[in-house]
Amino acid sequence: MTSEEIQAIFFVESEASHAAAEAGLAACRAGTQDADTINAIFRAVHSIKGGAGAFGFTALQGFTHVFETLLSDVRDGLVAVEPPLEDLMLRALDVLSDHVF
């Protein structure tokens with residue numbers, strides 16, 4: 001398998017991760033999120049970060065690292081999921097999408 005083929009797989013998997021994060025954020029907006037939802041969003045962003053690092057996409061890796069850190073704080077109960085944070089995370093997901101797709 002060539003590096004171009006592996007990179008193409010990264011982009012396909014990133015689309016799936018993006019969709020999972022978007023679904024999780026929609027659940028947050030609807031008020032139906034739980035620990036599993038937040039973990040799913042975290043894993044999606046973490047997966048994109050890992051692939052970005054593997055291919056040397058340093059700007060994307062840095063951005064997703066900050067997003068992932070915020071989600072870690074949410075998981076740890078340090079930051080509450082409230083409408084302003086939901087809006088911020090949706091905007092962050094849009095920016096992430098702009099970087100990847």
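These are my notebook entries on a predicted model of a protein chain.

Ground rules. I number residues from 1 along each chain as its sequence is written, and side-chain values use heavy atoms, with hydrogens and water left out. For this predicted model, local features need pLDDT of at least 70 and side-chain atom pairs count only at pLDDT 80 or more, while totals for chains, interfaces and linings use all residues.

Fold. I looked up the secondary structure and found 4 helices and 0 strands, in the order α-α-α-α along the sequence. Helices here are DSSP runs of H or I with at least four residues, strands are E runs of at least two, and numbering starts at the N terminus.

Size. The radius of gyration is 14 Å, close to the 13 Å of the globule rule for 101 residues, so the chain is as compact as a globular protein of that length. That radius is taken over C-alpha atoms, and the rule is 2.2 Å times the number of residues to the power 0.38. The C-alpha atoms fill a box of roughly 45 × 20 × 20 Å along the principal axes.

I read 34% of the 101 residues as buried (under 20% relative accessible area; exposed is over 50%, partly exposed in between; 1.4 Å probe, protein chains only). Among contacts (heavy atoms within 4.5 Å) with a separation of 6 or more, 64% join residues 24 or more positions apart.

S14. I then checked S14, which lies in helix α1, residues 3-30. S14 is buried, with a relative accessible area of 2%. Leaving aside neighbours within four places in sequence, S14 is in contact with I48, V100 and F101.
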